[in-house]
Amino acid sequence: MNIIENMRKKEAYQYIFVYVLMALAGVLLGYSLIYGVGLIVNSPAEKWNGTRFSVVLNYFLSGKLYYEPGQPILPSVYGPLSYLPYFYAAQFKDLAQSIRVGSLTAVMLSLLPLISLFWIREVVSRVNKDSFREVLKGLFIKFCLFFATVISVSFQIDSTEYAMFAIHCDAPTHFILMIGFIILIYSSEKYRPYSAIFHALALFSKYLAFPAFLISLLFFCLDKQYRNLFKYCFIYFATSLVALIVIEILFGLNNLLFNTISIMGNYQMDFS
């Protein structure tokens, strides 16, 4: 009888612990959301947000994303896909409102791949073992703690706070890359080469995305998936070729190279 009572007490303590943890997670999430909303509301005050958004705004005013040599110079020094997610923000008549929407877009692009990467495998592994209610309860606690931790940490470090809430090319690049890596890691073996589509597109957001190609090659080699390795390379270069053709038609390849390579090549790096 004592054994049964002890088991019931232990189970009761476990339930209390779970609900306390849920409450703590909810409080942390609420604090993070309030603080994050404050950063988004104040995003027009960050001077670089307006500077970077001027490229998108200029495209809707003039129809040009990249200018030829001798014409106005804007900070359009990255690939066109780095500006595409912010196009919706340019539809608002109020510039401050547009920048806030752009900041919110950057936050979503930064967080969604992380959340997806963190949860996809767990949902698949647990859904057949536990009840749907238990799965949702576990996911709620972990999601709140994860989300609150990521944002709370970003608040403590200026660089991470800036990376998450500012308008910049890195958020679209990370988003595209992470979709590719999610396919590479979590999909079945026959679909893994299709991650090359996103890795190639990320290159046209920011050239620093190129190491994803090398990492994927190493992945296939270590896993001895040589057939998928060649398939991945073919898809990668085919996607890149199609992207170059589209860029030539829409923006002009020479203009792209002038802005993203010639101008960038004359930037002086300051590491102080």
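Predicted model: local features only at pLDDT ≥ 70, side-chain atom pairs only at ≥ 80, totals over all residues.
## Cysteines

With a disulfide taken as a pair of cysteine sulfur atoms within 2.5 Å, the count of disulfides in this model comes to zero. Cys-233 is accordingly in no disulfide, and the nearest cysteine sulfur to it, which belongs to Cys-221, is 8.6 Å away.

## The buried face of helix 7

Helix 7 spans residues 195-203, and its buried residues are Ser-195, Ala-196, His-199, Ala-200, Ala-202 and Leu-203. When the helix is viewed down its axis, these buried residues fall within an arc of 155°, and therefore they line one face of helix 7.

The cover over the buried residues of helix 7 includes helix 6, which comprises residues 170-186, together with helix 8, which comprises residues 211-222, and helix 9.

## Ser-240 in helix 9

Ser-240 lies in helix 9, which runs over residues 226-250, and with a relative accessible area of 10% this serine is buried.

Once residues up to four places away in sequence are left out of the count, Ser-240 touches Ala-200 and Phe-204. Of these two partners, Ala-200 is one of the buried residues of helix 7, and helix 9, in which Ser-240 lies, is among the elements that cover the buried residues of that helix.

Note on methods: Residues numbered from 1 in each chain as written. Heavy atoms only, no water. Helix = DSSP H or I, 4+ residues; strand = E, 2+ residues; numbered from the N terminus. Buried < 20%, exposed > 50% of the residue type's maximum accessible area, 1.4 Å probe, protein only. Contact = heavy atoms within 4.5 Å. Arc of directions from axis to C-beta.
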